[in-house]
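Please give me a short briefing on this structure.

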Amino acid sequence: MIKLAILASANGTNAQAIIEAVRAGRLDADVRVVLTNKEDAGVIARAKGFGIPVEIVPSKGHRNRAEYDALVVAALEKYDVDTIALAGWMRILSEVFIDAYKGRILNLHPALLPSFKGATAIVDAYNHGVRITGCSIHLVTPELDAGPVILQAAVPINGTVEELESQIHRMEHRIFPQALQWYAEGRISIQDRHVIVAPAKGKVRKTDFIEGCLVSPALEEKL
């Protein structure tokens, strides 16, 4: 079982999806803390509603990212966490943070990496006129949105940018808990940037097509 910290800057729907997966027995994790950099972030109320401790570390007023990240690491050390889920964490991590949790940070990005990196990925993909975008879960490395990809969901663009955002968020809620579960089971390895997910030990039902979206590798449900 992983000892998990969730970092989020905004509404926190992905944090809630992760916590609900734990409560439902689909994710072998102990969510030790939810940390945010915004005093008015919606994730605060969501975490408290589940009885999860919350740490608020405001990100304004610091000389640089490293100084701020040192404060975040210090806050997390109180909870003895070993895995980090970046669930809408709207900050670029410094080497201070990455070195503290090297190889143990999973990030959610709302596009099919390596396309449309950065904070405005959904709008960028929509405005570019691509037919398919989606969301990715990847391991964090020092280069922005460039770590090995664990799991992706491909989302067709059929309506407004608001409709696209809603569909991407629905897929995020499905794939992030799954990627974390594979990590918790020790099934993830990396070979030449390719993430290998070892076969499940028990029987599982696999699903690779959800609400018109292709998911790869397929999601698993224990039988």
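Phe97 is buried, with a relative accessible area of 0%. Buried means under 20% relative accessible area, with over 50% counted as exposed and the range between as partly exposed (1.4 Å probe, protein chains only). Tyr101 is also buried, at 5%. This is a predicted model, in which local features need pLDDT of at least 70, side-chain atom pairs count only at pLDDT 80 or more, and totals for chains, interfaces and linings use all residues. Residues are numbered from 1 along each chain as its sequence is written, and side-chain values use heavy atoms, leaving out hydrogens and water.

**Aromatic pair**
- The structure holds 1 aromatic pair.
- Phe97 and Tyr101 have ring centres 5.5 Å apart and planes at 45°, so the pair is tilted.
- Rings of Phe, Tyr and Trp (its six-membered ring) pair if their centres lie within 6.5 Å; planes under 30 degrees apart are stacked, over 60 edge-to-face, and the rest tilted.

- Nine strands form an open sheet in the order 3-2-1-4-5-6-7-11-10, with mixed pairing.
- Strand 3 (54-56) and strand 10 (204-210) stand at the edges with a single partner strand each, so one side of each has no neighbour in the sheet.
- Neighbouring strands of this sheet are turned by 25° against each other on average, direction ignored.
- Strands (E, at least two residues) and helices (H or I, at least four) are DSSP runs, numbered from the N terminus.
- Two strands pair if DSSP finds at least two bridges between them.
- Strand 4 and strand 5 are parallel, over 3 bridges; Ile84 has Ile105 of strand 5 as its bridge partner.
- Strand 6 (residues 132-139) and strand 7 (residues 149-156) are antiparallel, over 7 bridges; Ile137 has Leu151 of strand 7 as its bridge partner.

**Strand 5**
- In strand 5, 5 of the 5 residues are buried, so the strand is largely enclosed by the rest of the structure.
- Ile105, Asn107 and His109 lie on one side, and Leu106 and Leu108 on the other.

**The hairpin**
- Strand 8 (residues 188-191) and strand 9 (residues 194-197) pair in the antiparallel sense over 4 bridges.
- They form a hairpin with 2 residues between them, and Asp192 in the turn has a positive phi of about 50°.
- Gln191 has His194 of strand 9 as its bridge partner.

**Helices**
- Helix 6 (residues 161-184) has 24 residues and should span 34 Å at 1.5 Å a residue; its end C-alpha atoms are 34 Å apart, which agrees.
- The expected span is 1.5 Å times one less than the number of residues.
- Gly186, which follows helix 6, has a positive phi near 70°.
- Helix 3 (residues 65-77) lies across strand 1 (2-7), strand 2 (29-36), strand 3 and strand 4 (83-86), at about 145° to strand 2.
- Such angles run from 0 to 180 degrees between N-to-C directions, with axes fitted to C-alpha atoms, for helices over the stretch in contact.

**Nonpolar cores**
- A nonpolar core is a set of buried Ala, Val, Leu, Ile, Met, Phe, Trp, Tyr and Cys residues joined through side-chain atoms within 4.5 Å.
- The largest core has 46 residues, of which Leu4, Ile6, Ile18, Leu106, Ile150 and Phe176 touch the most other members.
- Helix 6 gives the largest share of this core, 9 residues.
- A second, separate core of 21 residues includes Ala5, Val57, Val81 and Ile98.

Definitions and conventions
Contact means heavy atoms within 4.5 Å.
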